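User: I am new to this structure and want to learn how to read it. Can we take the sheets and then the contact between chains?

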2 protein chains.
Amino acid sequence: MKVYVIGLGLIGGSLALDIKKAYPEAVLCGMDANEKHVEEALLMGLISHAAVLDDLKDADWVIVAVPVNTLSEILPDILNYIGENTIVFDAGSTKVAICKSVENHLRRRNFIATHPIAGTEFSGPSAAIHGLFSGKTNIICEVEKTAFKLQEKALELFKALGMRIRYMDPVSHDTHIAYVSHLSHISSFMLGKTVIEKEKDERDIFDMAGSGFASTVRLAKSSPTTWASIFKENKSNVSQALQQYIANLQNFQQLLENDDYNGMFEEMENTNRIKNILNGIN
Amino acid sequence: MKVYVIGLGLIGGSLALDIKKAYPEAVLCGMDANEKHVEEALLMGLISHAAVLDDLKDADWVIVAVPVNTLSEILPDILNYIGENTIVFDAGSTKVAICKSVENHLRRRNFIATHPIAGTEFSGPSAAIHGLFSGKTNIICEVEKTAFKLQEKALELFKALGMRIRYMDPVSHDTHIAYVSHLSHISSFMLGKTVIEKEKDERDIFDMAGSGFASTVRLAKSSPTTWASIFKENKSNVSQALQQYIANLQNFQQLLENDDYNGMFEEMENTNRIKNILNGIN
């Protein structure tokens, strides 16, 4: 079983680790636009060989885990290189543009569009960890456009990695993910910015920060490359989510300015329902 | 050693647990405006006796861990009841109004104004946990207004609980804590609200939420009673922090709308510095 991983960062690297564990006979090969990442991945044993596009004709699997705007650009070309029974899947956090980029490709049926909802705030090959996908949701879009036999194989592999599957159309995916994932990243980055700006000359102040701040600002450690790319690809949904978030913050500020503590209490009490909703998310 | 805990929630309850562990001979007594909390604290063994204000004359220690707006109201009265060598400390998340409420009190020198920066998103006696204060910062305000011998004893107790001490004036405390703690709570509550509003009819969507969302929205589980009270007490600082946060979000949205991906990248890259700043916060 020959597996090619294109993009040896947190997601590609972690997939390599988990596949090697689930399929010890697998031969892992990799590529990355950044040569240092390839060297690092070889040293770390994420992959055993460096590869080039020409090698893909022998691939059983090709995993494309590059920033999403690059993904829509290179995916059609990757499909040009693969063999008849190669399965290609991506791990992009947006799905509309990626699905569109290959909609009329002769090898469309070799591609399965997926978004494994898993990650950490770290990036690069050294961020790869075992078991990242265990118990996580993997969203598959336009499953009907993938050859049935290849779907079956892909589902087997996802199951071996411990993922649970949800099916969704790309438009719904991109709308909802803007709220439950992309918006969190902006809220966290801007929280970090606001506090750093205020406290830039007073490093001691961060002694005052507790675990609450650390948790809320954790995503502000994430890769700017990954996230600028995601916001670009999902611009209108992200902008709409951000608009609603800002309106809610302005409303809360108005309640505060009006000394409407009952109003603030109610806003918070209504949102406490998130407790039940979050049950089951790690 | 007789310890009276007034307010048997997360903070008061956790202090009771840690003090009993550090000083096994301590007799823990408690009061709470909510009678059920007293019963629960007795059942859980957080305290061994229910108490009334008249008992405080025998107290070695009185810990006041009630919502901050109640705290400024009841603290002067509590000082009326204590004995000559009783040490009273609070655990309020704001300090200006609390310090002001007792500035001219005859027993001011028995009081030490503290803010242990520790907590979880849970509340009530059942939220009490062992070791909550270990390794955490405890901010002491206006230390010079506490009798020196009582300061010494208080420092010993805080050390026994594993806390590290920082000194700060109440005005600086309230300004900075608005940024590193209070703002995080609003950003998290409003993130939760925005997502719940959007997805109210589509519970399945939360299958798409990953650990990033869970982390960012964690504080939205916090107690509305505690936090409405904090925002009330620290209104002007919180409003200013919120204003700057909203301005930063609006600026980010503008970059997105203008397709300025380099601008977004830079905003995020600059904020990545939070990695170093957060080192050491659990």
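User: In which order do the strands of the open sheet in chain A run?

Analyst: Strands of a sheet pair through backbone hydrogen bonds, either parallel or antiparallel. Here a strand is a DSSP run of E with at least two residues, a helix a run of H or I with at least four, both numbered from the N terminus. Two strands pair if DSSP finds at least two bridges between them. In chain A, eight strands follow the order β3-β2-β1-β4-β5-β6-β7-β8, with mixed pairing. At the edges stand β3 (49–50) and β8 (164–168) of chain A; each has a single partner strand, so one side of each lacks a neighbour in the sheet.

The model is predicted: local features need pLDDT of at least 70, side-chain atom pairs count only at pLDDT 80 or more, and totals for chains, interfaces and linings use all residues. Residues are numbered from 1 along each chain as its sequence is written, chains are lettered from A and ligands numbered from 1 in the order written, and side-chain values use heavy atoms, without hydrogens and water.

User: In which sense do β2 and β3 of chain A pair?

Analyst: β2 (residues 27–31) and β3 of chain A pair in the parallel sense, over two bridges. G30(A) has A50(A), in β3(A), as its bridge partner.

User: Which strands does helix α3 of chain A touch?

Analyst: Contact means heavy atoms within 4.5 Å. Angles run from 0 to 180 degrees between N-to-C directions, on lines fitted to C-alpha atoms, for helices over the stretch in contact. Helix α3 (residues 68–81) of chain A touches β1 (2–6), β4 (61–64), β5 (87–90) and β6 (111–116) of chain A, at about 165 degrees to β4(A). Helix α5 (residues 148–160) of chain A also packs on the sheet, and makes about 55 degrees with β5(A).

User: What is the strand order in chain B?

Analyst: The open sheet of chain B has eight strands, ordered β3-β2-β1-β4-β5-β6-β7-β8, and its pairing is mixed. β1 (residues 2–6) and β2 (residues 27–31) of chain B run parallel, joined by five bridges. Y4(B) stands opposite C29(B) in β2(B).

User: How many residues does each chain bring to the contact, and what area is buried?

Analyst: The size of an interface is often given as the accessible area lost when the parts come together. Here that area uses a 1.4 Å probe and is summed over both parts. Chain B and chain A bring 88 residues each. They bury about 8800 Å², 67% of it from carbon and sulfur atoms. In chain B, V180(B), M208(B) and M268(B) lose the most area, together 8% of what that side buries.

User: How many salt bridges lie between the chains?

Analyst: A salt bridge puts a side-chain nitrogen of Lys or Arg within 4 Å of a carboxyl oxygen of Asp or Glu. The count between chain B and chain A is four. One of them joins D259(A) and K235(B), at 2.7 Å, N to O.

User: Which element of chain B gives the largest share of its side?

Analyst: That is α6(B), with 21 residues.

Terms used: Buried area = accessible area lost by both parts, 1.4 Å probe.
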